[in-house]
Each structure stands twice: as structure tokens, then as C-alpha cells.
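Q: Hi! I'm new to this one and would like a quick tour. Could you show it to me?

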Amino acid sequence: LLDCLLEVLRTEDLCKNNEAFLYCMGAIKFMSGNAVLLNEMVNKGAIEMLLQLMKRITNIKENNAYFSNLGHLLVQLTATLRNLADLPPARCQLICSGAVSELSVALEQRLSDKDVCTYIVRIFSKLSSYNDFCAALADCSRCYVLFLALLNKHEKQQDLVIRIIFILGNLTEKNNQAREQFFKEKGSVNTLISLFQTYHELDLNAQKQYHEREEEKKHPKHPSEAEDVLIKLIRVLANLSIHPSVGAALAAAHRVVELLVTVLEYKSIDDCEELVINAATTVNNLSYYKVKSSAIQDKQLHIAEMLLKLLMSNNMDGVVEAVRVFGNLSQYHEICDFIIQKKIYKFVIALLDAKNQDVCFSACGVLLNLTVDKNKRALLMEEGGIGKLVDCLQDFGPADWQLACLICKTLWNYSENITSAASCFGEDTNTLLVLLTSLLDEELVLDYSLDRDLRDHHKLYWESEFKPVAEKLLDRIQSHHSFLPTVTITPF
């Protein structure tokens, strides 16, 4: 029966028999819900045949009398392709058969047909999780215009919006060209801002209803529909901000920054962890850029207040993101003063005990910026900071030369006015001397049993980043270190 149905689609006249095509395609769509028949369809070349049928449909223009009826056929066809997209062999065939181009043409023709658009977007959404298809979609420059047109046309259709935003997040996750291309499309950022406002208001209304029902303590475990859109929307902004020129432009976009800060203001990490962490990550990315009229810089003290709330949470991922932002913002005097005033530095020093490489890196970034100011250097002694930095250097040095460099720079700043190594570094002096000496021994620290590329990568960072500052620090300590004299006993 399947052979007969496919043969009808392959050979009959589309316009003369469009109603028969519709029933035939409907039958195939239902059959594609069966896993066994799904595999059989792929083996019988259904993918290529369905794409050819789609091309025949899209060749019929809007002024043709059959155009409207063929929209119903296109719904059944795209629904079938969505089911087929679950199979790995089908995914390969969809890429090889130029599905991106054909689906994009159909999407452009049927922008007003929500059902057709939904199924095509579902196909793209499913396949954009795979690198090869995502690369093919990113190369289709027309797709960005189409996605923006759909978002503007169907702004409140959450099921459609969520998938388009998910696709854009996948496209911009690893592809710098896609980030730039999407950003340069007319109205791209305004569309994202408009969506942000729409779903932020929906989320606020939902929260209000929880309060009215006295259910605020029973916030749903999973994100609501509005929260889900905001999560994926902020992910797109975070990905876009990785591109140097795009990130710099977004850092100066006051409305974007205002909306991100608003999330940190009204949303608790206990309510929706992923949303708050995504917002903090994006603020962190944007805080990297020092640009004129920076919206981040304008709001830095308010952002710091919001991050303090995150820093004091019991969520370690949230704590790490907050410290990362403080790592960038602590380049400004106002934030350094805020960190001292609110005793945040004590918390940052305590994080060095986390025995987590990423946490230590972020914490060291804050401490390095604080020690630029000579009046703030003594704080490292307050919470045993010197010993903790030495421990981090010992634990992570050979595995992360950038972190090791950061630690040495912090200790270098701290010891600028050194008079005696013992009074400066206390009981950690000898440990630090031995550790620096061993870490500067190339034969000892560069593992030659590693893969050559990996070893070369390690050596590059060791030579260019760690070695210069570690040598200067070692020399400074040695030149201010008093060794105990050797006593000779003369026999009677």
C-alpha cells in the first residue's frame, strides 16, 4: 500500500488531482507515526520524493487558483517530514537533498499559514541540534529574514516563537558569521526586544496570579511558557554578544541591558534558575566590552546590587556567574569600593577553597583588580588569601597556565612595596618559592607524553603568559628573602 501511495505522489498531475493528493498525503502522514513504516519510507526514497513534491507545490504561485488548496497538502507533507526527521538516515538525506533551500522557499510563500510555518519550523528546530544541518542552515542567508518575519507576524504564538528562538540560539552558538549576519538584519535587535517585553509582561502577569492565589511557594518546578521563551531569548543575546563588534554594540544598547537587569530584579533563582543564570551570563558577556556610552557601565552599581543577591544564594552556578561579572566590573573604582564596603571580597577569597578551576579563575579575576589599588592590597591577608592563592596555584597550575598567570599577577600586585618576603607572604613564603621554582622548570611541568598539539598548546600559554610574570615574582621574593645562616660546629 505504501508503494502505491508514494507512486501516486510521484506520477499523478498535482493540480488535476489535488484532492486525491491531499488524502494520499494524509494517509502517508499517519503511517509515518509508525516506527517500522517510518524506516521503510526512508528506504523507499520518500525523502527525495517529498522534497520534489514540495518543489512542485512551491512552483505554483499565489495568483494560481490551486494555491490555497495546496496549502492543506503542504501541511500534511511538512508534518510527514517532521516525523521522518527523527531518523538519523533521514537527516543525512535531508541535508544531501537540499532540504534547507526547499523548506525556506515554502516558508517564505506561506508566512501567513500558521500550520505550514509551524511544521517547517519544527523540522528546522529538530535538525538544528545537529552540527551538519545547523551549518547548512546558517549558510542559507535568507533564513534570518524569514525567521524575523515570522517572529514579527506571530509574536504571541508561543509554540512557534519558542522554536524559532531555539533555532536562532543553535545557529549563533558556535558560528561567528551567523552572529554577525543575524545582527545585521534590519530590525533584528528590535524584534528581540519586542519579544522580550511581550513575554516579560506575560511572566509578570503569571507571577501576579500565583500571589493572588497565595501559591508563590508553589512556583512550578519547570519553567512556564513565558519563562521558557525568555530563557531561549536571552541565550540568543548571550551568543550574539560573543562576537566582538556585535557584543560591543549590545553593551551600548540601553534597552537590552535594562531588560536583562529587570530579570535579575524581579526573578529569584529559586523561581527559575536557568532564566536568572542566563541573564547573569549575558550581563557578564556584555560587561567585557569597554565602550563609549556603555549601558553596563551606566548601571554598574545597580547591577552589583542585583549580583549581591545572587552571590548570597545557595546556588553554586549562580554564585559563579555573579563572581564572573564582578571580575569584569571590578575594573571600575566604584565597584571595587562596593566590593570592600559590602565585604564581598571575604566571600571571593573563601571561594578559592572551592577546589573548582572555574570558580578559582573568576575569584582571582576579582582579587587581581582589587590589588591594583595599593590601599586594598592588605585585604588578602585578612582571610588567609595568600595561602589560598598558593593552594590554587599548586592545585591547578600545570593544568591551567592562564589561571596560574592570574594568581602570579595578583601576588605581584600585592607585593609591590615588599620589604621582606617573610612579612609579605608569611608562612607561605617557602612554599611559594619551591612551587614557583618547580613550575618554571619546563622539563618538570610540560608533559611530553601528551598529544603533540595539546603539549604545544600548553607550552604556548606557559611560555607567553605564565613564565614572564612567574619569573619576575620569583626574583622579587628571592631578592627579599633572608635565608638562615649555616652554623659550623668546631670540635674540641
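A: Happy to. A word on terms before we start: Ala, Val, Leu, Ile, Met, Phe, Trp, Tyr, Cys and Pro count as nonpolar, Asp, Glu, Lys and Arg count as charged, and the others, Gly among them, count as polar. Also, keep in mind that this is a predicted model.

Q: Got it. By those classes, what lines the second largest pocket?
A: Its lining has 5 nonpolar, 5 polar and 2 charged residues.

Q: Which residues are they?
A: The second largest pocket is lined by Ser128, Ser129, Tyr130, Asn131, Cys134, Ala135, Ala138, Asn170, Leu171, Glu173, Lys174 and Asn175. Helices α9 (131-138) and α11 (158-174) are the elements that give two or more residues to that lining.

Q: And how much space lies in that second largest pocket?
A: About 160 Å³.

Q: Let's zoom out. How is the chain divided into domains?
A: Domain 1 covers 1-139, domain 2 covers 143-210 + 224-342, and domain 3 covers 356-481. The centres of domain 1 and domain 3, taken over C-alpha atoms, are separated by 60 Å.

Q: Back to the second largest pocket, then: where does it lie relative to the domains?
A: Domain 1 and domain 2 both give residues to its lining, so the second largest pocket lies between them.

Q: What about the largest pocket, how much space is in there?
A: About 580 Å³. It has 19 lining residues, and the closest to its centre are Asn284, Tyr288, Arg324, Asn328 and Phe361. The elements giving two or more residues to this lining are α17 (273-287), α20 (316-329) and α23 (357-370).

Q: Which domains does the largest pocket lie between, and why?
A: Between domain 2 and domain 3, because both of them give residues to its lining. By class, that lining has 7 nonpolar, 10 polar and 2 charged residues.

Q: Last one, glutamine 300. Where is it found?
A: Glutamine 300 is in helix α19, which runs over residues 300-311.

Q: Is glutamine 300 buried or exposed?
A: Buried: the cut-off is under 20% relative accessible area, and glutamine 300 has 7% relative accessibility, so it counts as buried.

Q: What does glutamine 300 touch?
A: Leaving out residues up to four places away in sequence, glutamine 300 touches Leu329, Tyr332, Glu334 and Ile335.

Terms used
Residues are numbered from 1 along each chain as its sequence is written. This is a predicted model: local features need pLDDT of at least 70, side-chain atom pairs count only at pLDDT 80 or more; totals for chains, interfaces and linings use all residues. Side-chain values use heavy atoms; hydrogens and water are left out. Domain bounds come from an automatic or database domain assignment. On a 1 Å grid over the protein atoms alone, a cavity is a set of points where a 1.4 Å probe fits but cannot get out, and a pocket is an open set with protein on both sides within 12 Å along at least five of seven lines; lining residues have an atom within 4 Å of a point. Grid points are joined across faces, edges and corners, and a volume is the space filled by probe spheres set on the points. Helices (H or I, at least four residues) and strands (E, at least two) are DSSP runs, numbered from the N terminus. Buried means under 20% relative accessible area, exposed over 50%, partly exposed in between (1.4 Å probe, protein chains only). Contact means heavy atoms within 4.5 Å.
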